[in-house]
Amino acid sequence: MKRIKISLVVIWLVLTALWLAADTLLPEPFTYFSFRSVFVQYSGVLGIGLMSVAMWLAMRPIWLEPHLDGLDKMYRLHKWLGISALVVSVLHWWWAKGTKWMVGWGWLERPVRAPRPEETLGAVEGWLRSQRGLAESIGEWAFYAAVVMIVLALVKRFPYHLFVKTHKWLALAYLALVWHAVVLTTFDYWTQPVGWALGVLLSGGTVAAVLALTGRIGARRQVQGTIESITDYPALRVLETTVELDAGWPGHAAGQFAFVTSDQTEGAHPYTIASAWNPADRRLTFITKALGDHTSRLRERLKTGMRVTVEGPYGRFDFEDAQPHQIWVGAGIGITPFIARLKHRAAHPNTRTIDLFHTTADYDQAAIDRLTADAAAAGVRLHVLVDDRDGRLNGERIRAAVPQWRSASLWFCGPAGFGQALSADFRANGLPPERFHQELFQMR
């Protein structure tokens, strides 16, 4: 989390610094209208800049994963950038549009403009000025559309398949806002660093928008596969699905995830891979729990022999650190990456000691028996806690069960609130923050 928080602040500061190198928020003389003129430019550059970075991240660039600690963190940054761009754009819209309304209502009096000296404009600047009215209209309506689609993306109750469709059309609104920005940005900016940076951001964002609209994001990392088997655990509301992949999968580390498409109208969904990679048989196992409208329908929709598309792998929840002991906490369906790691460790044993805590509200003896067998084969000490029988898991119980916790790292996957509570508890008791690893498995 720390890296993406720093990244968000740095993006804001860099864009602001570049703009301040070209202009000022303290014009002379300082009046409402002189400030409005520069603030509209500043907020416009900042808003489209933030949105452009968010578009870049939407392309799922794997080269950024090591720097931002995985695609799950990158998507969280993408969300924060979208919210930031929304806030800045609302301010931009109000100062641009609200001022005109206040003049019309008689709340403000527009200053009389002094006669302008004759200007000789270049061909490009002259043409851009001739497009200002059209660019303002296009930008205004694209802004309204973008606001609606960003708000819908933040509403958890909005169905995922509709979210995928509306979020895709956000790319079209972005392209309209790019045109708005190119035409209305102060022309002199383009010869300065702020303009160069803006040009790079808009170009990259435009490429991302085109890829999104044509369905090409992640296309080079997609492999076709066939569902080989489906195991149902009704008491857990869980499906275990094994997919045999065609050639082309690059392999994955235990703990990574992939996007799986079983229905083109629904789109791709992210699932943690619950199996270690064996290139000899090219099989992946996914464990999915009925938590929403899509996953609740998988039991009826998925069939053996069905073709699916798998894209990935992604993520940095890879269990790689230098600590001699690790504590794993898999809450509910959050046990999935640990199952993959258990299988990997059984095939590649090492001397690190590991305690795995699996806390769950639902119980299925067959599933627990399989988990117990996997833990025994991997040489991992397993602690299973069923909420109704054993009570809730917390930091105190983990520390009591693992005396060497001070020299350990803690890897958590499960509900975000539970992870945040555990992180705060262990930090308060002296565990360095960098030793707490949490999968942020929420892609919207």
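**Helix α2 and its partners**

Reply: Helices α1 and α2 are oblique to each other. In this predicted model, the reasoning starts from their axes, which cross at roughly 140 degrees. Angles under 35 degrees count as roughly parallel, those over 145 as roughly antiparallel, and those from 65 to 115 as roughly perpendicular, with the rest called oblique; the pair α1 and α2 is therefore placed in the oblique class. Helix α1 covers residues 2-20 and helix α2 covers residues 32-58, and their axes come within 10 Å. The two helices cross in a right-handed sense.

The next matter is which residues make this contact. On the side of α1, the residues are I11, W12, L15, T16 and W19. On the side of α2, they are V38, Q41, Y42, V45, L46, G49, L50 and V53. Sorted by class, the contact of α1 with α2 has 10 nonpolar residues, three polar ones and no charged ones.

Helix α2 also packs with helix α7, which covers residues 160-184. Two packed helices are described by the angle between their axes and the distance between the axes. For α2 and α7, the angle is about 145 degrees and the axes lie 11 Å apart. This crossing is left-handed, whereas the crossing of α1 and α2 is right-handed.

Helix α2 contributes Q41, I48, M51, S52 and M55 to the contact with α7. From α7 come A171, Y174, L177, V178, A181 and L184. The contact of α2 with α7 divides into nine nonpolar and two polar residues, with no charged residue.

Of the 12 residues lining the largest cavity, T241, V260, Y271, F286 and L302 are the closest to its centre. Elements giving two or more residues to this lining are β2 (238-245), β5 (283-289) and α9 (293-301). By class, the lining has eight nonpolar residues, four polar ones and no charged ones.

Notes
Residues are numbered from 1 along each chain as its sequence is written. This is a predicted model: local features need pLDDT of at least 70, side-chain atom pairs count only at pLDDT 80 or more; totals for chains, interfaces and linings use all residues. Side-chain values use heavy atoms; hydrogens and water are left out. Axes are lines fitted to C-alpha atoms, for helices over the stretch in contact, and angles run from 0 to 180 degrees between N-to-C directions. Helices (H or I, at least four residues) and strands (E, at least two) are DSSP runs, numbered from the N terminus. A crossing is left-handed if the near helix is turned anticlockwise from the far one by less than a right angle, and right-handed if clockwise. Contact means heavy atoms within 4.5 Å. Ala, Val, Leu, Ile, Met, Phe, Trp, Tyr, Cys and Pro count as nonpolar, Asp, Glu, Lys and Arg as charged, and the others, Gly among them, as polar. On a 1 Å grid over the protein atoms alone, a cavity is a set of points where a 1.4 Å probe fits but cannot get out, and a pocket is an open set with protein on both sides within 12 Å along at least five of seven lines; lining residues have an atom within 4 Å of a point.
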